[in-house]
Amino acid sequence: MRDGNLESELAELRKTVRQLKDRQDILDVIVRESRGRDRHDTELTASCYWPEGADEHGAVPLPATEYPELANKGHAHAFAMNQHNLANHICEIEGDTAYCETYVVGTMLSHDGLTCTVAAGRYMDQLERRGDEWRILWRRSTVETAMQGDASWLQSPPVKGFLKGTRDREDLSYHRPYVVGGAGARW
């Protein structure tokens with residue numbers, strides 16, 4: 001009888017660990033996708049989607065095979081810098097399919113560096129697990145609030161010398177090991 005309880009407990013523990021791992025793997029995909037877009041890393045962004053998938057950012061859904069490059073071109077054309085900040089995240093896993101809702105706050109700096117747009121919305125993602133890998137199959141994006149403000153503070157003395165991100169693999173986050181006081185783009 002005791003062995004039966006142990007086997008039952010181990011089975012329940014395996015199930016819980018699998019669910020926690022799946023949720024973390026799914027969140028990692030969503031975070032990695034935002035990082036890819038912020039760094040304009042087409043390869044990284046593409047690795048988050050199944051090839052037959054699509055992303056609906058705006059009026060027209062884009063095929064996953066085209067979305068990373070088109071998103072980078074759109075961001076580069078409209079803004080000098082962009083950053084996607086992820087917040088609330090829910091995830092419902094049904095076998096090899098997951099349905100997620102993730103809140104996002106995007107900040108977009110104008111090319112002249114004087115205006116910043118802050119827009120908040122949500123990603124509704126349907127992910128699939130194939131083998132041991134989760135990727136986005138479908139993404140729908142909302143925009144729910146936005147505001148624009150003066151970004152000239154970035155040119156002020158308190159910011160002078162701060163590190164700033166770049167939209168490529170020269171960004172500090174790709175450098176290993178991190179070197180305090182090392183080279184990097186600065187304000």
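What share of the contacts in the protein chain with a separation of 6 or more comes from residues 24 or more positions apart? I found that such residues account for 57% of those contacts, a contact meaning heavy atoms within 4.5 Å.

**Entry 1. Basis of the work.** I worked from a predicted model, in which local features need pLDDT of at least 70, side-chain atom pairs count only at pLDDT 80 or more, and totals for chains, interfaces and linings use all residues. I numbered residues from 1 along each chain as its sequence is written, and side-chain values use heavy atoms, with hydrogens and water left out.

**Entry 2. The chain as a whole.** I recorded three helices and seven strands in the protein chain. Helices (H or I, at least four residues) and strands (E, at least two) are DSSP runs, numbered from the N terminus. Read along the sequence, their pattern is α-α-β-β-α-β-β-β-β-β. Along the principal axes, the C-alpha atoms fill a box of roughly 70 × 45 × 30 Å.

I then looked up burial, with buried meaning under 20% relative accessible area, exposed over 50%, and partly exposed in between (1.4 Å probe, protein chains only). Of the 187 residues, 32% count as buried. The chain exposes about 11,600 Å², and carbon and sulfur atoms supply 57% of that area. These areas come from the Shrake-Rupley method with a 1.4 Å probe; for residues, only the protein chains shown count as cover.

For the charges, I noted 23 positive and 30 negative, with mean positions 4 Å apart. Lys and Arg count as positive and Asp and Glu as negative, while His and the chain ends are not counted. The place of a charge is NZ of Lys, CZ of Arg, CG of Asp or CD of Glu.

Entry 3. I followed strand E3 (residues 81–94) and strand E4 (residues 97–109), which run antiparallel and are joined by 12 bridges. Two strands pair if DSSP finds at least two bridges between them. I located His84 opposite Gly106 in E4. Two residues lie between the strands of this hairpin, and Gly95 takes a positive phi near 65°.

**Entry 4. Salt bridges.** My search of the whole structure found 16 salt bridges, each a side-chain nitrogen of Lys or Arg within 4 Å of a carboxyl oxygen of Asp or Glu.

I first examined Asp22 and Arg129, whose side chains meet in a salt bridge (2.7 Å, N to O). This pair links distant parts of the chain, with Asp22 in helix H1 (residues 2–38) and Arg129 in strand E5 (residues 115–130), 107 residues apart. Both Asp22 and Arg129 are buried.

I next examined Arg37 and Glu33, which also form a salt bridge (2.7 Å, N to O). Because they are four residues apart in helix H1, Arg37 and Glu33 are separated by about one helical turn. Both Arg37 and Glu33 are buried.

Arg135 forms a salt bridge with Glu133, and their closest N and O atoms are 2.9 Å apart. Arg135 counts as buried because its relative accessibility is 17%, whereas Glu133, with a relative accessible area of 33%, is partly exposed. I also recorded a network in which salt bridges that share partners join Arg18, Asp22, Asp96 and Arg129.

**Entry 5. Gly184.** Gly184 is in the segment after strand E7 (145–150). Not counting residues up to four places away in sequence, Gly184 touches Leu163 and Leu172. The C-alpha atoms of Gly184 and Glu92 are separated by 40 Å, and the two residues are 92 residues apart along the chain.
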